[in-house]
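Hi,

Here is the structure I promised to pass on.

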Amino acid sequence: MRSPHNSLVTISARTTQETLGRPDGFDAIVIGAGAAGSLAARTLHDAGLEVLILDAGWRAPFITEPVRQATAEAIARLADPRALRFLNPRIIYKGRQVLKLLGRRRQPIQSSCYAWERDPSAFVDDLDNPYDTANGRDYSWIRTRNAGGRVVIPGHGRQYCRFSEREFAPQDGLSPAWPFPAEEMDSWYTYVESLLGLSGNPDGNADVPDSKFAALLQPTRAERELKQKIEARWPGAPVLSGRFAPPVNHLSALESSHHIHARRGAIVHEILSGSNGCAEGVAWHDRETGDRLEAKAPLVFCCASPIESARILMLSQTSRSPEGIGARSGALGRYLMDHVLVKAEGLGPALPAETATPPDGRCSFLPRFDRAMGTASLGDRGFGVQLYQTPGDNGRSWFTAVGFGEMLPDASNHIRLHPTRKDAWGIPSLIFDAGLSTRDNTMAEMMSTALRELAALCDVKLTLQPDGPAIPGTSAHECGTARMGATPEDGVLDPFNQCWDMPGLYVTDAASFPSQGFQNPTLTVLALTARACHHAVTENGGTLSTTTMGETIA
């Protein structure tokens, strides 16, 4: 197994220090080569811009850390679901436990992520990248630094669901409305769904509006039987096919272009401001040279991940924004959300003989399963469940059930810069002061009950009991630390994801979310990114052609 985060190698080999420091700079700089950043780079490039991608991903030569890299490779092989067909589950479990003890020495936090075992080298070294928590409230900051981001890690859920009108315009007063009408997202969802090539089925479910599917799914016998069991036990409970797609390598199509450039090992710590207060460029610590480097551009897209993007804004302190870009709104670093996560795993009976190991992302999805459980106390906010069944050996199968519940935005859940502690590159680290509310814990109890009942329905003997919520951050669906608002007083960003305090600076990862929903946030992140690129180019006198963006948004 090889890590997928080498997809920048061909491009980055051309990007010399001389190119980075050229006086005329670039048309745009994109921070982060994850799902949002790679789409932004592709979209801006296709609009005719000269684009520089800065990505913090870095793989040291094998000779400098042979034990760590060999251990990571072994862990990934044992964690591959295909091994279940050939090895006894107990052997796999014991082998993984031994190897994880070795891997956890430098990755005690990252190894808590369910997908860590599939590609440990894609995750950060926790000792080099420390952070603290306040008030005894634990937080797991799951971080990858690799081209493609978390969605390319094998084992990642890869679920792509639209938000409903309720998410964009909540009526219960528990979170602010997004600063644009819900229908404005339809064409952007359609555009990114076309790029993804989604697999799924139209279901007509109001909580998860139908997407544009490239491939319709024929349910397997195992999926049909599961659906029948659930609908018989909970009449009216919707059982949908998961909406998934393999990662799209937006950058591979650009490798022959002379208008796209990239630098790996670029740990960004500051957005540079011009004398007019507009974005002027980016400064970073360069792992290849060990120096502080800069590059200039009038457009900057910050797609570093929600918490990292907020940290960069906090570190970008200017005379106009002495506490960081967007701090005057009172929202910078605040309203941190992550899905309330409850998980169950176990061994079930054999699946029908023709059942194959499903591709990453294929699952049965139970949206707003709280309604089926009769948990009306959650009101208009609730949880969904993803169910996975994988063939095993000796007449058994693996069963995994994961519940994701919506966390409400709360200003007391926040991050702030540490006054003294720094990471391995001298950049201030963070303090997390965030935790679950009484409501969140009540919902987690309901989710635990639901997962136990689903497991019992499937004759599963649980090896991982759903005994309450995971530590916040574990779901890696963090949102909200630089949210959009209708005015500079309401949020860090305007309705097009541009910073109110710094024109030309866009933040398009989930830091921009005013609220979360129960759905996976990735599809909405991508749609917002495409929409922001369109705004950035058209506002600066350019155009995005119908061949580039599709007729629906031309």
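Helices (H or I, at least four residues) and strands (E, at least two) are taken as DSSP runs and numbered from the N terminus. On that basis the chain has 13 helices and 19 strands.

Before you dig in: this is a predicted model, so to speak of local features we ask for pLDDT of at least 70, and side-chain atom pairs count only at pLDDT 80 or more, while totals for chains, interfaces and linings use all residues. Residues are numbered from 1 along each chain as its sequence is written, and side-chain values use heavy atoms, with hydrogens and water left out.

On confidence, pLDDT (the predictor's confidence in each residue, from 0 to 100) averages 88 over the chain, and 87% of the residues reach 70 or more. Where pLDDT is low, though, predicted coordinates should not be read in detail.

Now the inside. Of the 554 residues, 60% are buried, meaning under 20% relative accessible area, with exposed over 50% and partly exposed in between (1.4 Å probe, protein chains only). Among contacts with a separation of 6 or more, 71% are between residues 24 or more positions apart.

Phe 301 is worth a click. It sits in strand E11 (residues 299-302), which is covered on both faces: Leu 299 and Phe 301 are buried on one side, Val 300 and Cys 302 on the other. Strand E1 (residues 28-31) runs parallel to E11 and is joined to it by four bridges, with Ala 28 opposite Leu 299. Strand E19 (residues 505-507) also pairs with E11 in the parallel sense, over three bridges; pairing takes at least two DSSP bridges. There, Tyr 506 is the bridge partner of Phe 301. Leaving aside neighbours within four places in sequence, the contacts of Phe 301 include Ile 29, Leu 44, Thr 508 and Ala 536.

Cheers

Technical notes
Contact = heavy atoms within 4.5 Å.
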